[in-house]
Amino acid sequence: MADTTIDSNNLDGDPEVSVEVQNLWKVFGPDPQQVMDDPVLRMADKKEVLRKTGGVVALRDVSFSVNKGEFFVLMGLSGSGKSTLIRCVIRLAEPTSGSVLIHGEDICKYDEVQLANMRRHTTGMVFQHFGLLPHRSVIENVAYGLKVRGVEKEERYEKARVYIDKVGLKGWEDRLPSALSGGMQQRVGIARALTGDPSILLLDEPFSGLDPLIRRQMQDELIELQDELQKTLLFVTHDLHEALKVGDRIAIMRDGEIIQIGTGEDVITNPSDAYVRQFVQDASPAKVLTARTVMEQPSVLLYSWQGPKAALQILRDANVDSAFVVTRNARFLGLVTVDRVVSLIRKRGTYLRDALEPDLQTCGPDTVIEDLVPLVASTRYPVAVVDEDGRFVGEVYVSTIIANMIQEQVPEDAQTETVEADEVAPDEDDSSEHSEDSPSDGGLPKGDVRP
Ligand SMILES: Nc1ncnc2c1ncn2[C@@H]1O[C@H](COP(=O)(O)OP(=O)(O)O)[C@@H](O)[C@H]1O
Ligand SMILES: [Mg+2]
């Protein structure tokens, strides 16, 4: 199974861990404890629990941890427990059992004052339906949290302006939310959440209500913002492509449980079970597989300190026309061809660096195939994969890419279990809001899950 073991070895207070959720349960209904105390009921099917007790097990023994600066995505169908989970993390919903550690502190033990402090200083929340105050201007909305904290007007407006700027709303400070488009209103929501300078940002389907084009743009902007601000992000979505685009890691939820945690690539290439496989099967490999996955190691590698005659000998012995050249510590230098080495020898040159082929393409290990294709198509040579530190890590050929794409399309083996129809059944109601008394455990329309 893929990465389902959930960092249980993270010690309390590990400075790298920002949020740690341990064995979290949330039962809605008249008598949550009745469900918790009954070992059979605890693990029973949702419908059975509802029938027997009138309660809903919204979270069942959920554990995971989010590292500092990580973009962590919770993904699952409507009703799978995403909102409940993200709300439990800051106790907007009270966990029935289990613990939530924020920067190593168990916030389930906090009193009201500590809790309010934490929400003001450490965490910020962005909601799907923006949740703006309709009769207050953009800047008043953004500065509102600081006002509650008792910050003077001048100072809070100054701070608010910084974030209004960052989300691209300069000039809109004095307008009312109703004058703004949905995308702009959500920018206000993001600026408001950032203004208190929280280290952890929780976003519950922030872009789900927006048009696809605006949505993509907002995703790009959030990624940029994250690069700049380096918050810890806990981001909820029911959209796989959104999850794959923004997430460092993705946790897939079903019926209140996390059934897989991993990078987008892990989840796509190594789904933990038939449910996840079904979920991800339409994800285009070109958008997901990266150079790191498809690259190969060259049969020959030349070193900058080798002379041209030695290099020629090596190329001929290996029966290849060209090879990459690296310097010490595998730093990437370039590529030489047999022809260029021969002409270097004729000119009595001594350094391979004087024979490098100018027409060369390189890419990073995380370049997705979609972006690799134009690169490999534009050069006669393999594309060099070079990491952030300038080290050569592998090479990509057109043929490798094609082979990988074809392999991805071969259907899974015949004995693949099929997912029960009702597990991914479309549901008429895809709203993620619930009235307090109307539990529903349906799914989203398929098209919504796999756009
Ligand atoms: N306040 C509530 N009272 C009773 N049941 C609830 C309440 N909130 C959520 N639920 C139920 O808990 C489950 C998980 O809901 P939710 O966390 O909103 O899922 P998601 O955000 O993934 O769509 C659903 O079955 C939902 O009906
Ligand atoms: Mg929800």
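Two strands count as paired if DSSP finds at least two bridges between them. Helices (H or I, at least four residues) and strands (E, at least two) are DSSP runs, numbered from the N terminus.

Before you start: this is a predicted model, where local features need pLDDT of at least 70, side-chain atom pairs count only at pLDDT 80 or more, and totals for chains, interfaces and linings use all residues. Residues are numbered from 1 along each chain as its sequence is written, while chains are lettered from A and ligands numbered from 1 in the order in which they are written.

**Exercise 1. Work out how E12 and E13 are arranged.**

Step 1: find strand E12 at residues 322–326 and strand E13 at residues 332–337; they run antiparallel and are joined by five bridges.
Step 2: pick one facing pair, Phe324 opposite Leu335 of E13.
Step 3: look at the link. The two strands make a hairpin with five residues between them, and Asn329 in that turn has a positive phi of about 55°.

**Exercise 2. Describe the sheet that holds E14, E15 and E16, and find the helix packed on it.**

Step 1: the strand order is E14-E15-E16, in an open sheet with mixed pairing.
Step 2: the edges are E14 (362–363) and E16 (392–396), each pairing on one side only.
Step 3: E14 and E15 (residues 383–386) run parallel, with two bridges joining them. Thr362 sits opposite Ala384 in E15.
Step 4: helix H17 (residues 369–377) packs on this sheet and touches E14, E15 and E16. Its direction makes about 135° with that of E15; axes here are lines fitted to C-alpha atoms, for helices over the stretch in contact, and angles run from 0 to 180 degrees between N-to-C directions.

**Exercise 3. Locate the residues with the most partners in the largest nonpolar core.**

Step 1: A residue is buried if 20 or more other C-beta atoms lie within 10 Å of its own, exposed if 12 or fewer, and partly exposed in between, with C-beta atoms placed from the backbone. A nonpolar core is a set of buried Ala, Val, Leu, Ile, Met, Phe, Trp, Tyr and Cys residues joined through C-beta atoms within 7 Å.
Step 2: the largest core has 105 residues, and Val89 and Leu234 touch the most other members. Strand E2 (residues 56–67) contributes the most, seven residues.
Step 3: check the domains, whose bounds come from an automatic or database assignment. Domain 1 (17–122 + 198–273) and domain 2 (292–407) each supply at least three residues.
Step 4: list the contacts of Val89 (C-beta atoms within 7 Å), leaving aside neighbours within four places in sequence: Val19, Val21, Val100, Leu202 and Leu234.

Methods:
Contact = placed C-beta atoms within 7 Å.
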